[in-house]
Amino acid sequence: MNVLITGASRGIGLATAKRLAAKGHSVGLFDIDTDELGHAVNDKVFKKALKDKRIVHGHLDVTDPESWDTAIEHMIDNFGSIDTLINNAGILVSGVLPTTDLDKQLSLIDINCKGVLIGCHKLAPYLADTKNGKIINLSSASAIYGQSEVAPYSASKFFVRGLTEGLNIEYAELGIKVIDVMPLWVKSDMTKDINVTSINRLGINLTVDDVAKKLCKLSSSPNRKISRTHYPIGMPAKVLQTLSQVSPDPLMRFINSRIGTK
């Protein structure tokens, strides 16, 4: 199996690449931070995969369509095909909206929304040529109900959720499975310096390896065995997702205001 991972220089993307490589899959690690990516691929975990030429890596600005073309070409030249896209690249800006930097928030929308959209657009023809072509998007438990103090981030993950649901139907004709994972807060570089009420109350109970384990399993599963569109990760996310299916909107608003409002 040949897997293209965005945002692969650290965190969930890197942890997933390590797991997939250890299981014998061919992996393309791409990131805008090529210096960090260069250090990452030299990890001893990748030693055998590098020797077997099952690892490629390179620059990818997910907001730039031409950058996607280059990354895809790199994968095809080395592996001949692409079976799975993991749309992992994303950023987080925390704080009450009027007090945050607008340029950073707009960049968040570009990366978290446009980046995922471009990837889904560009990879479709290649994934349609494989037996179990799939796209796995990184959504979030914040796409279950809008979250204060990270409202634009939450909104970007609602975009990912909606895009995933629509393409899950649309791409079925192409034989492509489109799904997402929805973890709550994950201990990573993204969350280490943020101060958000919901973290103070719920804590950070997931590691990047927890998410990577699920991504690895979904990546290698035959499409016929993937019956759901959304995969919450962690008990709190699973509970919130279940409640959202049966609870009236005022109750969900109350629950989330208790979790995320000072």
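In what follows, a residue is called buried when its relative accessible area is under 20%, exposed when that area is over 50%, and partly exposed in between. Please also keep in mind that this is a predicted model.

Begin by selecting Lys23, which you will find in the loop between helix α1 (11-22) and strand β2 (26-31). Its relative accessible area is 56%, and because the cut-off for exposed is over 50%, Lys23 counts as exposed.

Next, turn to the salt bridges, of which the model has eight. Select Arg10 and Asp33, whose side chains meet in a salt bridge with an N to O distance of 3.4 Å. Arg10 lies in the loop between β1 (2-6) and α1, while Asp33 lies in the loop between β2 and α2 (34-41), so this pair ties together parts that are 23 residues apart in sequence. Arg10 is partly exposed, at 32% relative accessibility, and Asp33 is likewise described as partly exposed, at 28%.

From there, select Lys18 and Asp43, another salt-bridged pair, in which the closest N and O atoms are 3.4 Å apart. This pair links distant parts of the chain, for Lys18 sits in helix α1 and Asp43 in the loop between α2 and α3 (47-51), 25 residues apart. With a relative accessibility of 24%, Lys18 is partly exposed, and Asp43, at 27%, is also partly exposed.

Move on to Lys48 and Asp52, which form a salt bridge whose closest N and O atoms are 2.8 Å apart. Here Lys48 is exposed, at 57% relative accessibility, whereas Asp52 is partly exposed, at 36%.

The following stops concern the backbone. Most residues other than glycine have a negative phi. With that in mind, select Lys53, in the loop between α3 and β3 (55-59), where phi is near 60°, a positive value in a residue other than glycine. Lys53 is exposed, with a relative accessible area of 69%.

Then go to Glu149, which belongs to the loop between β5 (134-138) and α6, and whose phi, near 70°, is again a positive value in a residue other than glycine. Is Glu149 buried or exposed? Its relative accessible area is 14%, and because buried means under 20%, Glu149 counts as buried.

For the last stop, select Asn168 in helix α6 (residues 151-170). Asn168 has a relative accessibility of 19%, and therefore falls under the 20% cut-off and counts as buried. Which residues is Asn168 in contact with, leaving aside its neighbours within four places in sequence? Select Lys177, Val178, Ile179 and Thr229 along with Asn168, and you will have those contacts in view.

Definitions and conventions:
Residues are numbered from 1 along each chain as its sequence is written. This is a predicted model: local features need pLDDT of at least 70, side-chain atom pairs count only at pLDDT 80 or more; totals for chains, interfaces and linings use all residues. Side-chain values use heavy atoms; hydrogens and water are left out. Helices (H or I, at least four residues) and strands (E, at least two) are DSSP runs, numbered from the N terminus. Buried means under 20% relative accessible area, exposed over 50%, partly exposed in between (1.4 Å probe, protein chains only). Contact means heavy atoms within 4.5 Å. A salt bridge is a side-chain nitrogen of Lys or Arg within 4 Å of a carboxyl oxygen of Asp or Glu.
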